[in-house]
Amino acid sequence: MTKRHAKIYWTGFTVIIALLVIAPLVLPEFWRRFLTEILIWGLLAMSSDLLIGYTGMVSFGHSAFFGLGMYGAAAAILMVKPPNLWLAILYGLAASAAVAMFVAYFSTRLRDIYFAITTLIFSQIFYVIIFTWTEVTGGENGLSFARPALGIPGVYTVPFTSTTLHWFVLAIVAISYLVLRRVTQSPFGMVLQSIRENEARTRAIGYPVERYKMVAVMLSGLFAGLAGVLYAIQNRFAAPDFVYFLISGEVVIFNVMGGIGTLLGPIVGAGFFLGLREGFSRLFPWIATTFDMPYLAEFPYLIPVGIIFILMVIFLPQGLLGFMKQRLNQ
Amino acid sequence: MNTPAALAAPSPAPVRGDAKPTVLRTEGLSIRFGGLTALNDVNFEVKRDEIRAIIGPNGAGKSTLFNCLTGVLRPTSGRILFNGENISGLPPNRISQKGIARSYQITNILPNATTLENVRIAAQSRRHGWNMMRHHRNFGDIMGKAEAVLASVGLLSKASELAANLSHGEQRNLEIGIALATEPQLLCLDEPTAGMSAAETHDTMQLVRRISKDLTILIVEHDMKVVMELAHRITVLHYGAILAEGTPADIQQNPKVLEVYLKT
């Protein structure tokens with residue numbers, strides 16, 4: 001990046017962060033929560049971009065890391081009195097790291113579709129364990145709990161409002177982004193990209209490829225777990241649905257829509273996809289009442305969302321951000 | 001690469017063998033794919049700073065031999081000794097770390113990375129590879145090494161060009177650059193001049209001669225002119241076994257070699 005590029009980049013970064021800081025002050029409650037949620041899904045998508053975009057491994061197991069982050073946070077909040085925000089994060093990260101280590105150890109021996117399927121199977125195994133182990137995990141109903149307060153318990157705490165929660169999530173997502181960005185530019189990150197480009201050659205010039213992949217999966221799982229912790233704190237529950245592989249599928253969709261290998265793209269993709277879904281889910285009932293066409297009220301709104309996704313894959317294969325980058329470079 | 005001592009030393013006369021220590025030795029090296037014996041009891045020895053050519057008709061086992069030496073294939077039996085240490089069966093990354101590098105017959109680079117990055121990532125494999133917290137361009141030692149290597153293979157002016165956009169000849173030289181950046185003691189070149197024009201071939205020969213000053217080189221090559229001019233000694237493979245070995249002059253007069261080459 002040249003000096004001029006760097007200047008544009010950091011100006012843009014500051015403006016976007018400033019907008020996201022102001023947003024909860026002007027948005028109504030529902031959209032404030034919605035925006036916070038987009039940031040959390042964005043963090044999850046960004047964590048998987050480290051594998052999809054930078055290492056060239058498509059993971060369908062990110063729901064497991066995300067879900068274990070949720071359950072780890074739940075464990076800390078339910079077991080430790082008074083509930084401690086930082087312990088919730090720590091437990092969540094530990095749980096997702098443990099799962100990520102387990103999954104990484106077995107799955108990184110495989111490549112391409114075999115890697116994807118193995119991660120999917122592992123996430124389903126964790127789903128079944130969580131779904132059936134009712135005494136510990138609450139089974140189908142999951143666990144619900146009170147939201148821990150912001151601050152240091154026993155010293156000074158304030159309860160979260162939806163605005164302060166948004167700022168808290170924004171701070172963590174922004175820091176995670178900066179950390180992940182640095183990781184992708186570091187020597188380690190360059191090795192991951194070299195593996196993506198030419199795995200055999202990377203091994204031939206002396207890199208233990210499997211070990212690098214393992215660390216990449218663990219790192220990615222750790223940030224996915226962090227997203228899970230944030231989601232648990234926002235929604236005050238942990239549920240097995242979030243360990244289910246459909247979540248992993250959505251994460252891949254966020255990546256494809258936003259642009260893989262850009263880190264920010266997956267956040268944009270998450271915002272775009274969730275916004276699209278939300279918009280269409282309201283559009284048809286609105287048309288039905290406004291234009292007096294009651295048969296449209298129940299129209300399956302995911303059909304147009306799916307069509308848009310397919311069109312984007314065909315005409316914008318580099319994703320929204322990838323496309324914008326290409327345009328700016330011209 | 002170019003240590004002051006090496007620069008000061010007179011250019012090495014063709015090595016006759018006995019004075020220098022052995023870098024590479026194979027003992028009874030064999031590899032079988034099902035019923036096919038690709039290498040059959042190969043015993044040979046390469047001395048330090050030697051340029052050794054491996055020749056033979058198509059399918060003689062030359063590339064298979066390279067694949068064994070660099071860990072891509074595991075020998076069925078026999079040993080490979082590198083500086084006296086048995087390295088047979090080690091994975092390619094471990095063998096690279098021991099000091100054996102190779103270039104490929106079919107260009108094998110990172111096409112979407114710049115020329116500099118192709119070499120830099122190879123230089124980085126010796127140190128700093130696990131660093132996650134600093135920008136990769138802030139490692140002066142690695143960048144310096146990468147630029148020195150690019151200069152030595154004549155690609156410094158193309159440093160920021162995408163490797164995919166280089167000409168075929170330049171990509172072949174980048175191959176050699178990537179191998180050199182790992183600071184090898186033994187360099188295996190698999191047909192470095194394949195598909196090159198006469199002028200490019202000449203330049204690459206000069207390049208190989210230049211880098212061979214303190215490097216042991218194994219070279220597989222079909223171009224006999226290149227082989228005869230470059231190599232100190234030649235090993236002829238035929239059906240996976242060694243048919244003959246000797247100086248270029250010996251090999252050119254060896255009746256067995258002539259017979260094999262005239263027949264095919």
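Over all chains, the structure holds 26 salt bridges, a salt bridge being a side-chain nitrogen of Lys or Arg within 4 Å of a carboxyl oxygen of Asp or Glu. The structure is a predicted model, in which local features need pLDDT of at least 70 and side-chain atom pairs count only at pLDDT 80 or more, while totals for chains, interfaces and linings use all residues. Residues are numbered from 1 along each chain as its sequence is written, chains are lettered from A and ligands numbered from 1 in the order in which they are written, and side-chain values use heavy atoms, with hydrogens and water left out.

In the interface, 32 residues of chain B are in contact with 24 residues of chain A (contact: heavy atoms within 4.5 Å). The buried area between the two chains is about 2400 Å², with carbon and sulfur atoms giving 60%; buried area is the accessible area (1.4 Å probe) that two parts lose on being put together, summed over both. N93(B), W130(B) and M132(B) supply 26% of the area that chain B buries against chain A, more than any other three residues.

One salt bridge is found across the interface of chain B and chain A. It joins R201(A) to E175(B), with the closest N and O atoms 3.2 Å apart. On the side of chain B that touches chain A, at least two residues each come from α3 (92-98), α4 (115-123) and α6 (168-181) of chain B; helices are DSSP runs (H or I, at least four residues) and strands are DSSP runs (E, at least two), numbered from the N terminus.

Within chain B, the side chains of R209(B) and E229(B) meet in a salt bridge at 4.0 Å, N to O. This pair links distant parts of the chain, 20 residues apart, with R209(B) in helix α7 (residues 198-211) and E229(B) in helix α8 (residues 224-230). E229(B) also forms a salt bridge with K225(B), the closest N and O atoms being 3.9 Å apart. Both E229(B) and K225(B) lie in helix α8 of chain B, four residues apart, about one turn of the helix. E229(B) is partly exposed, with a relative accessible area of 44%, and K225(B) is exposed at 56% (buried: under 20% relative accessible area; exposed: over 50%; partly exposed: in between; 1.4 Å probe, protein chains only).

E50(B) lies in the loop between β2 (36-47) and β3 (51-55) of chain B and is buried, with a relative accessible area of 1%.
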